[in-house]
Every structure is written in C-alpha cells, then in structure tokens.
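Visitor: Before we look at individual residues, could you take me through this structure and say on what grounds each label is given?

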Amino acid sequence: MMKHKEAVMQDLPTFVTYLRVSTQRQGQSGLGLEAQKKAVQDYAASSGGKVLAEFVEVESGKRNDRPQLTQAMQRCRLTGAVLLIAKLDRLSRDAHFLIGLEKAGVEFVAADMPHANRLTVGIMALVAQQEREAISARTKAALAAAKARGVKLGGYRGGPALNPVEGTQAASEARRKAAQGFAEQVGPMVKELTGQGLSLRQVAAKLTEQGIRTARGGKVWTAAGVSRVMMRI
C-alpha cells in the first residue's frame, strides 16, 4: 500500500508559477498579482499538483528580456515541472516569443486557456513551419539539380578525421562541459543554501525536497552530488 501511495505521489504534476505585472507601480501595490496567484493556485489544486516555486516579474508586455521568466524556465528544466501562468498574455503579446518558448523545451499551461500550449502556440508554430518547409524544399531542389550536373554531395571531403584516442578525448570533453554547465545552473541555489550554514547532506535534502533534478536526471540528491557541484563552481 505504501509503495502504491509513493508511486501515485511521484506521478502528481509539479508546477513553477510565473506572475507578471506591467509597471513598477503595479508591482509595488500588488495590483493584479493576487488575482493571478489565485488563478494559478486554483489550477494547481484542481489538477492535484504541487507548486514548487513562484517567480514574479514587473515588466512591460512589449519586451521579452525578462530575467524572472528566464529563471522560471530554468527551474522548470531543472525539476521537470510545468510553467504555470494565470493568463496567456502574461507571457508575451509576441507570437514569435511564444514559439521560442515552445522550442525551449519547457512545457507551459495557462490557467485561463489550459489547451493553449497545444492549440494556440501549435497554430502559430505551424505558420513558421510552413516557411521552414518551403526553404527545405527549395534547398532539396537545388541539391538535386547540382547532383544532376555531376556535383559530388556529402561524404568525406578530405577534412581532418579523429583517431580513436582523439574521439575519446572529445567525448570526455563534451561530458565535462555538460557537467560544468549543469553545475553553473544549480550553483546559485547550492551557494544560497550553504550560505545559510547547511551541511552538504542538508543541502542535498533541500534540493530533493524542491524537486531539483540531479545531473543525470535523478530525483534524489546526495551529499557527494552537492560536493561535485561545489567543486565545479
């Protein structure tokens, strides 16, 4: 029974909420934030999910350089959570930005339009896809014409080739860069927690509690894993 309960708990959706107001004055007064908070909290509750973190942005809807939204998406990538917003226009009025969000690998849902991530953004993405397909078709036609003229396409063209040792070194370097990149993403949280006087084991427990994924995508952190992150930062 306990194992079944744990399995059910692991299957519950997790969310990172993003709230936005358009002016500094609204941000200071809280105007509009309470309604957004209620909308996302109600949605999370109705889905039986859990809110892992909340990010609040005071920004103009005409601008896309939003540090809080960037942090919210980063937290989603680290935890596998869904970005939850109150209204679709809280993200942006720019369709290209929404398409970019879809490409960022972050699932999102709007409380007022639960299917927007599959319907609205999908339709917008189709427009861009049509142009990509048109470019691809023109490229293929040009390559076919070149091949018909006897131009050799693809294959080895005399460039430097990696020997087995160099290939192993390249793979090792790629893994090192991936580990370094991950450490830089999680590093600020680890520094904040250790700055509070927490031990490595306590930091690991906090990261696990907040749903932060490990470098290999695991859900449980260890003191050794925290130590490796600290060594890289």
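**Grounds for the labels**

Guide: Among contacts in the protein chain (heavy atoms within 4.5 Å) between residues at least 6 apart in sequence, 66% join residues at least 24 apart. This is a predicted model, in which local features need pLDDT of at least 70 and side-chain atom pairs count only at pLDDT 80 or more, while totals for chains, interfaces and linings use all residues. Residues are numbered from 1 along each chain as its sequence is written, and side-chain values use heavy atoms, with hydrogens and water left out.

Visitor: How many helices and strands does the protein chain have, and what makes a stretch count as one?

Guide: Helices (H or I, at least four residues) and strands (E, at least two) are DSSP runs numbered from the N terminus, and on that basis the protein chain has nine helices and four strands. From the N terminus on, their order is α-β-α-α-β-α-β-α-β-α-α-α-α.

Visitor: What makes Ala223 fall into its class?

Guide: Ala223, in helix α9, has a relative accessibility of 24% and therefore counts as partly exposed. Leaving aside neighbours within four places in sequence, Ala223 is in contact with Leu200, Arg201 and Ala204, and Ala223 and Ala205, 18 residues apart in sequence, are 8.6 Å apart in space, C-alpha to C-alpha.

Visitor: Which residues touch the most other members of the largest nonpolar core, and why is it called a core?

Guide: A nonpolar core is a set of buried Ala, Val, Leu, Ile, Met, Phe, Trp, Tyr and Cys residues joined through side-chain atoms within 4.5 Å. The largest has 16 residues, of which Val16, Tyr18, Phe55, Ala72 and Leu83 touch the most other members. At least two residues of this core come from each of β1 (14-21), β2 (50-58), α4 (67-79), β3 (82-85) and β4 (108-110), and α4 gives the most, with four residues. Ala72, leaving aside its neighbours within four places in sequence, is in contact with Val16, Tyr18, Phe55 and Leu83. A second, separate core of 14 residues includes Ala183, Val186, Val203 and Ala204.

Visitor: How do you know what classes of residue make up the lining of the second largest pocket?

Guide: Ala, Val, Leu, Ile, Met, Phe, Trp, Tyr, Cys and Pro count as nonpolar, Asp, Glu, Lys and Arg as charged, and the others, Gly among them, as polar. By that scheme, the lining of the second largest pocket has eight nonpolar, three polar and three charged residues.

Key. Buried means under 20% relative accessible area, exposed over 50%, partly exposed in between (1.4 Å probe, protein chains only).
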